[in-house]
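Have a look at the model before reading on.

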Amino acid sequence: MLSLHSARQRARAPSERPARIGLAIAGGGPIGGMYELGALRALDEALDGLDLTRLDSYVGVSSGAFLAAGLANRIGTDEMCRIFITGDSTDVQFRPETFLRPAIFEYLRRAASLPRLATQWWQELLFSRNESRWSDLLMHFGALVPTGLFDNAQVERFLQDVFSRRGRSNDFRELGVDLCVVAVDLDSGEAVKFGTKGLDDVPISVAVQASAALPGLYPPVQIGGRHFVDGALRRTMHASVLLDRGVDLMIGLNPLVPFTQDGTGLPVSHERSLAAGGLPAVLSQTFRTLLQSRMQVGLARYAQQYPDIDQLIFEPNAEDAELFFTNAFSFSARRRICEIAHRNTMADLRRRAAELTPVLAANGIALRMDVVNDETRSVLDGLARPPLDNDATARLRRALDDVDHLVEERRPKPRAKPRRTRPRAHVPPRHAP
């Protein structure tokens, strides 16, 4: 599902300067991240003139912060697919168990406080009979419950390793592009934008760890004496970060929408209702509805507040039962979810091609209709074989790519045609075994 707002009056003519393009990626757990990867791969293939690793601004929230930080570090969607889908990356070895290790030390630390809490409780019960109630027991011993099931310190170490090799950087100030990772201060409820001035000294890996600290799943992350949790608690996508920076085109991805049982609007039987799925289905639908309604309010406001900026927001289809009923924290379904996202995004581009073409052209981008119209295309089609790089050759290839990009940017361009990135080599389709 594509939401499109065309700029009322653009601040620049296409021939004056290259368009400033920003990318906002919302959260959604592991499944949401895989959906967004599939959508990004579709955009990467279908939009000529759009290089997702060389945009002007990025903002990432929760699982979307992983992707935003990777793209800002010039890890392309092809390499991300090799890391997370095919598993044949020569650079990064991804192991799902890294993200699902029990927070043993958190459990032990909480359990160690049991004797003290029990002593306090009995003292209150014996000496304050009229004030203390057995109903207070749950609240009193609530401190024994761990703040997260899994250890996100392993997540931070994984990212630190990835961003510290092959010419990449774990420092916001060394990226060369604007990257903003949003988390929420647990004690104040304030949205904190890591990467902005005054908050750019925090390592990117730590900022992403904090942004993805979903309460109950991961414990809060302590930075500078403050505790931070998932950035989606405040806003769904934080797209205003990009819009306030004066981009010409904002592209947004949101993987969580409420499920619509059918399109008729008629009542459904109990067996087909979401209530039959128990508490997990009810909580999932509630969470998705809250995020979606909040984002719709924000998008309506953005269209009024920033009428001269082109805005494209890609989301799943509300009727997609397979996406809704997939375990939100499952890694085993990642290729299937990527395929759904790739297919949906291509379908959106194909269905709205007439409206999109002038908007994209105004920002130096063109639709590759041969790709868009290929309904049999898979998320893995077009993936080249992984480069056989070591750290030295990867740095050299990155430097040469920088030179090519600089030359391309300074080369005079025809006025009426969209700007192009470096030529795409034709690669025969390759599927994972």
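Q: Which residues does Phe194 touch, not counting residues up to four places away in sequence?
A: Taking contact as heavy atoms within 4.5 Å, Phe194 touches Phe172, Leu179, Cys180, Val181, Ala183, Leu199, Val202, Ala207, Ala210, Ile223 and Phe228. This is a predicted model, where local features need pLDDT of at least 70, side-chain atom pairs count only at pLDDT 80 or more, and totals for chains, interfaces and linings use all residues. Residues are numbered from 1 along each chain as its sequence is written, and side-chain values use heavy atoms, leaving out hydrogens and water.

Q: Why is Cys180 called buried?
A: Buried means under 20% relative accessible area (exposed is over 50%, partly exposed in between; 1.4 Å probe, protein chains only). Cys180 has 0%, so buried is the word.

Q: How do you know that Cys81 is in no disulfide?
A: A disulfide needs a pair of cysteine sulfur atoms within 2.5 Å, and by this rule the count is 0 disulfides. For Cys81, the nearest cysteine sulfur belongs to Cys338, 5.5 Å away. Cys81 also counts as buried, because its relative accessibility is 0%.

Q: What makes H2 roughly antiparallel to H8?
A: Helix H2 (residues 63–72) and helix H8 (residues 204–211) pack at about 155 degrees. Angles over 145 count as roughly antiparallel (under 35 roughly parallel, 65 to 115 roughly perpendicular, the rest oblique), so H2 gets that label relative to H8. Where they meet, Ala65, Phe66 and Ala69 in H2 face Ile204, Val208 and Ser211 in H8.

Technical notes:
Axes fitted to C-alpha atoms, helices over the stretch in contact; angles between N-to-C directions. Helix = DSSP H or I, 4+ residues; strand = E, 2+ residues; numbered from the N terminus.
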